[in-house]
Amino acid sequence: MLLSLYLAVLDDQSKEEQFIDVYNTYKRLVYHTAYKIMGDSYLAEDVLQEVFLYVVKNFSKIHRENCHELAAYLVSCSRSRAYDMLRKQREEPLEEIPDAPDSTPVPDDATVSTDNIQHLTELIGQMKPMYRDPLRLLAMGYTN
């Protein structure tokens, strides 16, 4: 499906065949390069799509004669895009956790003293952001 989207950008049959060859030859390389950086298959697929969308838009400018240079170029593109995506993820602000308690009833065995809550809140506040943020997301109702 994506391949047909890429081919729609190209204007002649010979370029389409050349692009299909480049795509089939290097798609695994681009995906694995992005996966090593992202650590997530879905995000690596996003990088793959964006890299090849860029390639197809600039296909006439890309030198395909030397396969080693093309491979190095695609690896460079995928690394750059993956790091850009990671940077954007870090820059996105997390939603603030509301301070007001909700009105749902708490079972007797789940009751925690105010001192314990305050102590836990202080400990969580001292954690590094990479550990603290998942706890905040969990408190907001997000899962894995």
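Thr33 touches Val75, Ser78 and Arg79, leaving aside residues up to four places away in sequence. This is a predicted model, and in it Thr33 belongs to helix α2, which meets helix α4 through a set of residues that includes Thr33 on one side and Val75, Ser78 and Arg79 on the other.

**Thr33 in its surroundings**

- Thr33 counts as buried because its relative accessibility is 9%, where buried means under 20%.
- A polar atom of the Thr33 side chain lies 2.7 Å from the backbone oxygen of Leu29, and Leu29 is itself among the α2 residues that meet α4.

**Packing of α2 against α4**

- Helix α2, covering residues 13-38, and helix α4, covering residues 67-91, pack at an angle of about 40 degrees, and their axes are 9 Å apart.
- The crossing in which α2 passes α4 is right-handed.
- By class, the residues in this contact comprise 16 nonpolar, 2 polar and 1 charged.
- On the α2 side the contact includes Val22, Tyr26, Val30, Ala34, Ile37 and Met38, while among the α4 residues that take part are Cys67, Leu70, Ala71, Leu74, Ala82, Tyr83, Met85 and Leu86.

**Cysteines**

- Cys67, one of the α4 residues that meet α2, counts as partly exposed because its relative accessibility is 42%, which falls between the 20% and 50% limits.
- Cys77, by contrast, counts as buried because its relative accessibility is 16%, which is under 20%.
- A search of the whole structure for disulfides finds 0.

Note on methods:
Residues numbered from 1 in each chain as written. Predicted model: local features only at pLDDT ≥ 70, side-chain atom pairs only at ≥ 80, totals over all residues. Heavy atoms only, no water. Axes fitted to C-alpha atoms, helices over the stretch in contact; angles between N-to-C directions. Helix = DSSP H or I, 4+ residues; strand = E, 2+ residues; numbered from the N terminus. Left-handed = near helix turned anticlockwise from the far one by under 90°. Contact = heavy atoms within 4.5 Å. Nonpolar A, V, L, I, M, F, W, Y, C, P; charged D, E, K, R; others polar. Disulfide = S-S within 2.5 Å. Buried < 20%, exposed > 50% of the residue type's maximum accessible area, 1.4 Å probe, protein only. Polar contact = N/O pair within 3.5 Å; in protein donor to acceptor, adjacent residues only side chain to side chain.
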